[in-house]
Amino acid sequence: MNVVQPTDHLRSPLAVRAPRLAPRNPRLDMAPLRLTALAGAVAFLALAGVVARGNTRTFDRAVRRRVLGRQGRGGRAAMAALTVGGESAVHVCAALLGALAIARRRGPRAGGAVALSSLGALATHNAVKLVLKRRRPLGALLRGKREPSFPSGHTTASTAVAATIAYAVARERIIASRHAAAIAVAVSALVGASRVSLDEHWATDVFGGWAGGITV
């Protein structure tokens, strides 16, 4: 026999079904985020200045020879697959899906930064390339790539989007902080490595992409 409590008729079905959201991670407030962005911006500007003066040529050429000299067909095929993570269609879709997931949990404003991370990355590397006209490695030139080389757009975008999504999902306690950080680091590292391995960019282009992505 069911016993009906006197207050049962006062309860709203919506209140019963509403998910209980975990509080945001207090350790992931804006202060460390601002410091990280500042460090990324300083590193990016410093590296851009060194590249503009041509002081990285010896280093970049040495890295290129070493990487291409040890590369087999299987490794090149793997890198060709990994580099797709930096394609515009991929990082834009990833940013929009991440924004949707956060917005459904906390509202449109909370997901806005994730959606803008992709556009911010595109704006950043394209703006720099208007000023810094660095030639690409020989392999890229032979394939008809004439766009300026610094920074790597694939690396900038994949780092910006992966890091922003990782921060957001860790802040909202959707994924543990260490797991989110590991995924973001893996994505940005593999995409960046693929750009050097495929002879699309110099190593310092990739370093610039990582710093620029962190800034975004």
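Glu200 sits in the loop between α9 and α10 (helices are DSSP runs of H or I with at least four residues, numbered from the N terminus). The model is predicted: local features need pLDDT of at least 70 and side-chain atom pairs pLDDT 80 or more, while totals for chains, interfaces and linings use all residues. Residues are numbered from 1 along each chain as its sequence is written, and side-chain values use heavy atoms, without hydrogens or water.

With a relative accessible area of 7%, Glu200 is buried (under 20%; exposed is over 50%, partly exposed in between; 1.4 Å probe, protein chains only). Leaving aside residues up to four places away in sequence, Glu200 touches Arg136, Pro137, Ala140, Arg143, Lys145, Ser149 and Arg195 (contact: heavy atoms within 4.5 Å).

## Salt bridges

Glu200 forms a salt bridge with Arg136, the closest N and O atoms being 3.5 Å apart (rule: a side-chain nitrogen of Lys or Arg within 4 Å of a carboxyl oxygen of Asp or Glu). This pair links distant parts of the chain, 64 residues apart, with Arg136 in the loop between α6 and α7. Arg136 is buried at 9% relative accessibility.

Arg143 also forms a salt bridge with Glu200, at 3.3 Å between the closest N and O atoms. Arg143 lies in the loop between α7 and α8 and Glu200 in that between α9 and α10, so the pair ties together parts 57 residues apart in sequence. Arg136, Arg143, Lys145, Glu147, Arg195 and Glu200 are linked in a network of salt bridges.

Conventions. Helix = DSSP H or I, 4+ residues; strand = E, 2+ residues; numbered from the N terminus.
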